[in-house]
Amino acid sequence: MTLDRVKEIISQNTRIDINEIYDDTDLYDDLAIDSVEIFKIITALEDELDASLSMAKAMHVKTVSELYDFVNVRM
């Protein structure tokens with residue numbers, strides 16, 4: 001999975017324009033993503049990767065690049 005694909009999934013599961021999502025963007029402070037949206041994002045990542053990700057660990061991810069690293073470490 002690419003970093004751009006992670007950004008697309010974030011955009012698709014929120015009302016955030018993909019052009020506002022950068023590698024170092026903070027999911028919570030900059031994008032104001034809430035727990036429901038992060039759940040939707042993680043679920044979409046799981047579906048795309050056909051894998052199970054730890055929701056508890058995913059909640060500790062802060063930035064877009066950390067989310068990318070989190071997903072790729074588990075693959």
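A crossing of two helices is called left-handed if the near helix is turned anticlockwise from the far one by less than a right angle, and right-handed if clockwise. The model toured here is predicted: local features need pLDDT of at least 70, side-chain atom pairs count only at pLDDT 80 or more, and totals for chains, interfaces and linings use all residues. Residues are numbered from 1 along each chain as its sequence is written, and side-chain values use heavy atoms, with hydrogens and water left out.

Select residues 35-49, helix H2 (helices are DSSP runs of H or I, at least four residues, numbered from the N terminus). The end C-alpha atoms of H2 are 21 Å apart, which agrees with the 21 Å that its 15 residues should span at 1.5 Å a residue (1.5 Å times one less than the number of residues).

The axes of H1 and H2 come within 9 Å and cross at roughly 130° (lines fitted to C-alpha atoms over the stretch in contact, with angles from 0 to 180 degrees between N-to-C directions). The crossing of H1 and H2 is right-handed. At this crossing, Arg5, Val6, Ile9 and Ile10 of H1 meet Ile41, Ala44, Leu45 and Glu48 of H2 (contact: heavy atoms within 4.5 Å).

Finally, centre on Ile38 in H2. Ile38 is buried, at a relative accessible area of 1%. Leaving aside residues up to four places away in sequence, Ile38 touches Leu27, Tyr28, Ile33 and Met59. The C-alpha atoms of Ile38 and Met59 are separated by 7.5 Å, although these residues lie 21 residues apart along the chain.

Technical notes
Helix = DSSP H or I, 4+ residues; strand = E, 2+ residues; numbered from the N terminus. Buried < 20%, exposed > 50% of the residue type's maximum accessible area, 1.4 Å probe, protein only.
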